Amino acid sequence: MRKIQEHEDKLKDKNRSQEEIGTSEDEMSKSQAEKTLIQNALKSDQFGALVHHLSLVRNKRCLMAYVYKRAEVIRSLGWMVDSVLPEEIQEKLSTSEKEYFKNHAATLQSYMAELDLHLTVDMIPPKDPYIKVRVLDDIGEIALSDQVANLARHAIMFLRRTDAEQYITQGQMEELTG
Amino acid sequence: MDSGAGESSAADDYESLMSTTDAELLKSAWRNEKAAPEILNYAADLVQRSRQQIQLMEEMVEDYINDGVDPLTVSLYQIDLDRTMFLLRSYLRTRLQKIEKYVFHIQKTAEEWNRLSKQEQKFASRFAGDIKHHLDQSVLSRLPDQYQSHLRQSAASEEDDMVPEPQLDSYVVCRSKKYLGTYQLNDGGEELINIEADDLYALPYKSIKPLVESGQVDLV
């Protein structure tokens, strides 16, 4: 926009200087032709500059929208998975995105530590304090909130909801509703 | 948690008593927060009291388990506890998600910045720094000099036009508890509506914003 202003100013100066010289008729018609030439050249410059600026701004908007939307999706993953992303997703992220995910997880952790409240559990309203789950992967012995359990594959057990949710979202357990 | 239920026989008294217990207050704060397009005031003392009550309940449940009280009663108390914890967590989560969506706008507007709690303000600053750094690294550092701001499209824009703002004229469904009489909808004084108690209205959020803030109208 500034360049366009400069071009317009140059045009005005040229016009003014032409009038001040006060030339004869012949020279007037010649300089008239020159003037229109210069004006057209300047106008195409102005239009060129405007088109360049507008397309730059549009590209910037598109790029930022793309990066921003990806960042949104990464954040929603962070709510489900906690702090480590599975391999198939990690290879689809750029380095900056991996760094952003780490930073975001750290920010969330610090907020939750200040509040002393775990915010990633309880994503759906609870219906029962305990739920029945079947273990899909071999996890081994884990100390849960009120028992020490051996989570072997294909075992069906009753777990506290807050404990089981973490494994369910990671796909290591499934809920039995039948 | 719902203490003092049904001590007096009249239904009105029961209603007003129920609506002032912390559980009900938390529920309505949660509902308002979920339905409103912008972030509302942080109910600091409500959250504080709820956490204290949750703490008490947890200790009580533990004592019951150790004493060997009827497991059915214990699980009932447990589920009540769980549901309250869910309300609290979901309330805080909804606020966080709104902050994430509109962080640059909230940082600019002092009124909205004051609606956040201190921890939320810290979170918002760190979050804004994170996302600015990410955008800078991926996109903005490769652009020519005049276009590198994350708030403006280019240095020639007159205002910060790349900041998303909450849509204040989106429609919300609301209900008032008492009869409020005639209320002027728009600033131009175009429409007057009668707000009756317990009637549902679908209105643009902007027109009832002051009523929501004073607590006279609840969003559904």
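**Entry 1. Cysteines**

I looked up A:C62, which counts as partly exposed because its relative accessibility is 40%; buried means under 20% relative accessible area, exposed over 50%, and partly exposed in between (1.4 Å probe, protein chains only). This is a predicted model, in which local features need pLDDT of at least 70 and side-chain atom pairs count only at pLDDT 80 or more, whereas totals for chains, interfaces and linings use all residues. Residues are numbered from 1 along each chain as its sequence is written, chains are lettered from A and ligands numbered from 1 in the order in which they are written, and side-chain values use heavy atoms, with hydrogens and water left out.

I then turned to B:C174, which is buried at a relative accessible area of 3%.

**Entry 2**

I traced an open sheet of 3 strands in chain B, with antiparallel pairing and the order 4-1-5. Strands here are DSSP runs (E, at least two residues), numbered from the N terminus, and two strands pair if DSSP finds at least two bridges between them. Strand 4 and strand 5 (217-219) of chain B each have a single partner strand and stand at the edges, so one side of each lacks a neighbour in the sheet. Direction ignored, neighbouring strands of this sheet are turned by 45° against each other on average; axes are lines fitted to C-alpha atoms.

I followed the pairings of strand 1 (residues 171-176) of chain B, which joins strand 4 of chain B in the antiparallel sense over 5 bridges. In strand 4 of chain B, B:A202 is the bridge partner of B:V173, and B:L200 stands opposite B:R175. Strand 1 and strand 5 of chain B run antiparallel and are joined by 3 bridges; there B:V217 is the bridge partner of B:S176.

**Entry 3. Faces and surface**

In a regular strand the side chains alternate between the two faces of the sheet.

I located B:L200 in strand 4 (residues 200-204) of chain B; B:L200 counts as exposed because its relative accessibility is 56%.

Notes. Helices (H or I, at least four residues) and strands (E, at least two) are DSSP runs, numbered from the N terminus. Axes are lines fitted to C-alpha atoms, for helices over the stretch in contact, and angles run from 0 to 180 degrees between N-to-C directions.
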